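Here is a short briefing for a first look. Keep the sequence and the model at hand while reading.

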Amino acid sequence: MKIKERVGVFICHCGTNIAGKVDIKNLIQKNSDKENLFFFDYPYFCSQPGQALIKEKINQLNLTRIVVAACSPSLHEKTFHKVAQEAGINPYLVSCANIREQCSWVTEDKEEATEKAEKIIFSHINRVIYQEPLFVKEVEITPRVLVIGGGISGIEAALKIAHAGKEVYLVEKEPSIGGHMAKLDKTFPTLDCASCILTPKMVEVRENKNIKLLTYSEVEEVSGFVGNFEAKIRKKARSVNLLKCTGCGICINKCPIKVDSEFDMGLSKRKAIYIPFPQAVPNAPVIDRKNCLWFTKNKCGLCKKFCPFSAIDYDMQDEIIVEKFGAIIVATGFSLFDPELIYQYGYKRFPNVFTSLEIERLLSPTGPTLGEIVLKNGEIPKEVAIIHCVGSRDENYKPYCSAICCLYSLKLSYLIKEKTKANIYNFYIDLRLTRKGGEEFYNRVLEEGVEFIRGKPANIKMQDDKLVVECEDTLLGKIRRVKVDMVILSPAICPEKSTPFLSRILGLSLSQDGFFQEKHPKLAPASTMVEGIYIAGCCQGPKDIPESVAQAGLAAAEAISLIDCKKIEISPVVAEINEDYCSGCCICVNLCPYNALEYDSEKNKVKLTQEKCFGCGVCVSACFAGALSLKNYREQEILAQIEGIL
Amino acid sequence: MKENIKILGFLCQWCAYQGADLAGTSRLIYPAEVKLIKVPCSGRVSAHIIFKAFQKGADGVFVAGCHIGDCHFKCGNIIAEKRIKVIKAILDSLGIEPIRLDFFFISASEGLKFKKVAEEFYAQIKKMGSLNLNHGR
């Protein structure tokens, strides 16, 4: 093959990383007589002098194509694109040959490594000759952020973005924001009241002009990409007009239907028209259509009849909101492990076995017992067992540590002791009190006389109205049977139920434990592999309130700095269609994941919208007519590369 | 005579290519006969490309993409896997052993899996020997 282009081949030593295995001198010498190929080597082409050398040679020898044989293109492709551009060569006329990660580091024998490197380099020389100049397009970023989930993380992220003067949509599936934190009584280890610190933030969300709050709403579809996502949000019919309702509560008093309250974990009743909890935002009721007489039997209608503001609207329909967003923050929180799965702990079989969240509701002054810790028969317990790691750190259920149970179990011990003077036994595997003030709090709880038994209970059974916790005390080396009135289980923190669905519509990966996968565990804990989508709070993994707030702040900062760029570069690697070859068979149309291809029945051709194309090339490889091609990965480029490498 | 086996792998740039890079970063050694080409998505690899690879002298070809559900382009890997099954059947009808072609799911964190795939696929092709097609035109 005769080469018309003048190709500069820059082979990097990478110190000894490449030069230690690949005989670069020999390789260059062997090929030095090839026409129109110019070989150079240097210890580090990524360094400033290395880059300067490339630029110098481009100008000196009028090079028209560049091959850089160095580390993986994932590391320095952008660097060398920039170098070429600065020297006046289109960046897409550069090809990066990976002779470190995929050659010198994975090959034992020097001769083999040199031979492989030569093949790889020539495959890129072959390819670069066919490459075409491409131009990066810029599109404007929609200056609006979508926050999914209205718990403490979502609230914090939304407020931070709103404070920066940006528009933000906060979408919450429940009728009120607040999430799990709203259910808590006090927070560890400082024992400040959860609602006292959360409620002002919730009110601020309601008042802030930059926040559009969509409660009782769910995100159904997301399309687009960084800078311009498009989300379809279903605003479920609340049956109450928020603009007219004042939250007076007359409708709730008149409603004859009582069902278990979700907010109180089924420990109290609510009406079919209800406000989830007193501090709810928005503070307006919602009709639960599954239980409402009007919707199930078409009678009653009392709430509508008595509402002084005509705010009740039985004909309200679900509303679909479609909006564009520059960035998305996912803060969907967690769900609790279902302790019923561990049969031997007797949850739901024995009346006085509770979960920690149920106890939080009992402790709350606005909860079902107005803050009294009582058994199901109304008596005050004298002996209470708290079982740690229910489902967590357990090969049979969840292998990971749920991070917050140790400290909240201590907190519950302290609060119950304070209220009931009961004897409290903590059954634990290890106490992991790594949070600030954790160890000090443990000492305080010890001083109060709370007992700690190291061991995972094997069984809980009923004996004469009492619960007996059977456990091997691994410090004493003895089996213990502790008689108690009440057992509290501290269940594992699990991914929220909607996590797999959201991962699918947003294209996010999940980690092994089912939580959202962060981009980097240390350096990008709030970013995801999808540019423009960030994660905060327990949807990324179990964490306490301060950590959730910190991560929410980071996610907000990431989103703000993204949309503040105003413009974003779009990769020019997209499909192209040659209409002359298109037979209108439409095989490609159904394969495109982004609806970038449409059938034009008038012309009997397929029409391509390049703005919608992401450059996967699935259509290209399905086109039998060869009408479609993918820029930078055209058939001739790949075939030339194959020829060079074999 | 020493037989020179040539293996060509097409790796999606988001997962499998990163997995191969990780194998490198972790200094996991695999046969130098395994050579790799980066593609934007495993779904970009057409039947034409695979036939050409065999025609140009590859003794074994594999395509590797993201795990199901991880595809950067939603479903390119699923389409690619299906396509490979069809191409295997065509190879069979042409008298080329279908196991000379395969599809693997390799994530960016599976450097070790990449090494294993490269080693095992190489061993399998080596056992079968060179394809010995008439090279070129």
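Helix 18 (residues 635-645) of chain A has these buried residues: A:Glu637, A:Ile638, A:Ala640, A:Gln641, A:Ile642, A:Gly644 and A:Ile645. Buried means that 20 or more other C-beta atoms, placed from the backbone, lie within 10 Å of the residue's own. Helices are DSSP runs of H or I with at least four residues, strands are runs of E with at least two, and both are numbered from the N terminus.

This is a predicted model: local features need pLDDT of at least 70, side-chain atom pairs count only at pLDDT 80 or more, and totals for chains, interfaces and linings use all residues. Residues are numbered from 1 along each chain as its sequence is written, with chains lettered from A and ligands numbered from 1 in the order in which they are written.

**Around helix 18**
- The cover over the buried residues of helix 18 of chain A includes helix 5 (110-130) of chain A.
- Chain B also contributes, with strand 1 (7-12), strand 2 (34-39) and helix 2 (47-55).

- A:Val147 has contacts beyond four places in sequence, including A:Leu170, A:Ile329 and A:Ala331. (Contact: C-beta atoms, placed from the backbone, within 7 Å.)

**A strand pair**
- Strand 1 (residues 7-12) and strand 2 (residues 37-42) of chain A pair in parallel over six bridges. (Pairing takes at least two DSSP bridges.)
- A:Gly8 has A:Phe38 of strand 2 of chain A as its bridge partner.

**Chain A overall**
- Chain A has 18 helices and 34 strands.
- Its C-alpha trace spans about 95 × 70 × 40 Å along the principal axes.
- Of its 646 residues, 47% count as buried.

Methods: Buried ≥ 20, exposed ≤ 12 C-beta atoms within 10 Å, placed from the backbone. Contact = placed C-beta atoms within 7 Å.
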